[in-house]
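Here are a few friendly notes to read alongside the structure. Keep the 3D view open as you go through the points.

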2 protein chains.
Amino acid sequence: MNHGPSGLSVAVPSTALFTDHYELTMLRAALRAGTAHRHSVFEVFTRRLPEGRRYGVVAGTGRVLDAIANFRFEQDQLEFLDRTGVVDGPTLQWLAEYRFTGDVHGYPEGEVYFPGSPILRVTGTFAECVLLETVVLSVLNHDSAVAAAASRMAIAARGRSLIEMGARRTHELAAVAASRAAFIGGFDTTSNLAAGYRHGIPTVGTSAHAFTLLHDTERDAFRAQVDSLGRGTTLLVDTYDVAEAVRAAVEIAGPELGAVRIDSGDLLLVAHRVRRQLDELGARDTRIVVTSDLDEYAIASLAAAPVDAYGVGTQLVTGSGHPTCSMVYKLVARAGGEAPDTPLVPVAKKSAGGKLSIGGVKWGARPAGPDGVPTTEIVGTGPVPEELAGDLIQVELVRGGEIVGAEPPSAARKRHREALERLPLSAGQLSRGEPVLLTEYR
Amino acid sequence: MNHGPSGLSVAVPSTALFTDHYELTMLRAALRAGTAHRHSVFEVFTRRLPEGRRYGVVAGTGRVLDAIANFRFEQDQLEFLDRTGVVDGPTLQWLAEYRFTGDVHGYPEGEVYFPGSPILRVTGTFAECVLLETVVLSVLNHDSAVAAAASRMAIAARGRSLIEMGARRTHELAAVAASRAAFIGGFDTTSNLAAGYRHGIPTVGTSAHAFTLLHDTERDAFRAQVDSLGRGTTLLVDTYDVAEAVRAAVEIAGPELGAVRIDSGDLLLVAHRVRRQLDELGARDTRIVVTSDLDEYAIASLAAAPVDAYGVGTQLVTGSGHPTCSMVYKLVARAGGEAPDTPLVPVAKKSAGGKLSIGGVKWGARPAGPDGVPTTEIVGTGPVPEELAGDLIQVELVRGGEIVGAEPPSAARKRHREALERLPLSAGQLSRGEPVLLTEYR
């Protein structure tokens, strides 16, 4: 493993340093003050959806669970914290033993959320919970932003195949998480090999313009590709002249040619021309893949075009205009002393400058309305009213430090599709709008 | 190390799978066709700057060098590629031996760039160069986007201290790279402990609202913090009433109080009030740090406010509206056969649909104009004209597979400051504009 001064970020041995400096100085001061072990509840929520968005998508929960499991301070990390004076001796000792022993509840991955939804609740001592703030928010804010964009693109694609191919447009490891989030949001495959390796997302890909340019002629390149990858491959037809390339492609691969890919030009026009040409050449089953700077609006505008699959890069991995969510991790209740069973007191910031929050441990419920469709997201504190007991959204994720909510990304993907189907129909509109459920506080 | 199906992305043992599937299928087909070892040149450039931006900032070069050094296929990665059928037997064998043995030249890290600038040039066989495309672009597109935002913020801050604190708003490892890029762009410190650990960026931080809320009173919290972190600490004064908090802060820490932090409200107004109050209380040296949803425009608007330091999060790590660059990695020349010394032939995509590029190996030069200030970025192919020999921008980064261009982030930071100083004055305007240098092709 490489720990060099400009080392690529692949070798960080635990998640413990994905943490803001102030989490450790708060711990240090609280340990000294005798307040660090007060029983505490932190909640993740957002005050608003990105401008114009109608729902949010919870993604990253599985990665949060892994981050918690891997959150331990190793020897060289402790030495770093000691050498740089971030913490004092007693804090170092405490960190060396650190394992999260508390509980986590939350909206399950793939579920939708609205302003105020209690997306995640972390319960334990102040000390053990406060340390998790930064990495929990990093994961949820990033992954949920990508999943929300993916979900809108999946709506726009109306069942046509969606390929995530944004690796080159985002940080190399953010790209792996983005593939996973896109899959949860409704994408089918990814170009990213690490996402296949780490998360089991199916990977696809055949060739780029460089492959055509490497060869003396386009026909040489097509023959080389078909020889190696078979007639079912996808040939890229826009390096020189599209019509000539399509003719050569079918001549070389025969009508069994899997697909052609178009990566530039007026996709609507070109797709129609290519479809007609393929059909005339007898390649009726050859599919058309388009891949040029697509977003949900471009995908929607191609609904009438003879396109079989969309490859999406930049706009997907950058959240289609909203590269992050505004989720925060707030202390909402804590005990008045360190003794076990000291009762919890709700707490909240109260200054005049905004960023207000509501104290107290919250639950979220989404009851169906008279026609079976919910109209409100109910966020409450205190006992759950009996009539809402069946509509609660949170599930148990960590119990006494043990991960109990792990599941494969495919489970979250399925849950997201089902969650979308239960929302009011207006959730599927791509135009800017208000959240489709009103948040009602109880 | 954790390789679980939803494992957090910290344990990928090499950079080889941060790669799009099609790079490997191109390799597979080229190996079979006998074209894989044609001598080739790939170049990284961008066709345009983000809308309205006047210059770009090269960042990530140091991480690219590490990515190349760590690009090797390990046993479990090869097994994955075999099991999933991405490559065939001969390709697997070739990958098992893979080490980059070619050359890399490029604009040094921290340098500015313009449309068409040959930011990076990778030379070797097609096979060894094509594999690097995805990870090279991931690193440069991400890091350069953050550095460009940081550079504009540094201009706006006019020498006041800048703290990067966006970890919670981006992927946990993107955050580490973002801290590094922000430092190169002109930031002074970061909240991100992993950025301190991995890249040596100075880390800072004291406390959040949760720390105040943990304690029975704000005064208890302030006392606990000062007891542990000393009078030089920064107290957060906007949990309840700002004026009351400032009074308590100076009472508890004395006039030696290091700083107060304001994280909400009308920062211009509040900063003026707090400065007046601190001065009246005799705390004339106590600094004011502001940290609420800042970007370069908000920073500029606080130029007249008595603010000593800015903490910037979301807008910095998301590139202030431009979370990625549009850098591409294109084959620009290759030999007509596999024999060594076969001459290079310039190549370029030529279809009517756009995304055109210029074939041939390029150099970039930035000669000073009559008044000492450059007006053009000259991008040429072929021999360098004698009068430009002293103005070439590219440097040697990798020679025969060996890294020769490694340097600490501080060197890139210094270079960026100097590069900015040499640009026309209009580079420092935050308003939307054209690139300050025109690209001239020779």
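1. Let us start with a word you will need: two residues are in contact when they have heavy atoms within 4.5 Å of each other. Please keep in mind that this is a predicted model. By that definition, 118 residues of chain B are in contact with 118 residues of chain A.

2. Next, the area that this pairing hides. About 10000 Å² is buried between chain B and chain A, and carbon and sulfur atoms give 58% of that area. On the chain B side, Arg168(B), Tyr197(B) and Arg198(B) lose the most area to chain A, together 9% of what that side buries.

3. Now look at the charged and polar links. Between chain B and chain A there are 14 salt bridges. One to find on screen joins Asp216(B) to Arg38(A), where the closest N and O atoms are 2.8 Å apart. The two chains also have 57 residue pairs in polar contact.

4. Which helix of chain B gives the largest share of the side that touches chain A? That is helix H1 (residues 21-33), with eleven residues. The residues on this side of chain B divide into 48 nonpolar, 46 polar and 24 charged.

5. Finally, turn to a sheet in chain B. Three strands form an open sheet in the order S14-S15-S18, with mixed pairing. Strands S14 (362-365) and S18 (438-441) of chain B stand at the edges with a single partner strand each, so one side of each has no neighbour in the sheet. From one strand to the next, the twist averages 25°.

6. Within that sheet, strand S15 (residues 376-381) of chain B runs parallel to S18(B), and four bridges join them. For example, Glu377(B) has Thr439(B) as its bridge partner in S18(B).

Note on methods: Residues are numbered from 1 along each chain as its sequence is written. Chains are lettered from A and ligands numbered from 1 in the order in which they are written. This is a predicted model: local features need pLDDT of at least 70, side-chain atom pairs count only at pLDDT 80 or more; totals for chains, interfaces and linings use all residues. Side-chain values use heavy atoms; hydrogens and water are left out. Buried area is the accessible area (1.4 Å probe) that two parts lose on being put together, summed over both. A salt bridge is a side-chain nitrogen of Lys or Arg within 4 Å of a carboxyl oxygen of Asp or Glu. A polar contact is a pair of N or O atoms within 3.5 Å; within protein, one must be able to donate a hydrogen and the other to accept it, and residues adjacent in sequence count only if both atoms are side-chain atoms. Helices (H or I, at least four residues) and strands (E, at least two) are DSSP runs, numbered from the N terminus. Ala, Val, Leu, Ile, Met, Phe, Trp, Tyr, Cys and Pro count as nonpolar, Asp, Glu, Lys and Arg as charged, and the others, Gly among them, as polar. Two strands pair if DSSP finds at least two bridges between them. Axes are lines fitted to C-alpha atoms, for helices over the stretch in contact, and angles run from 0 to 180 degrees between N-to-C directions.
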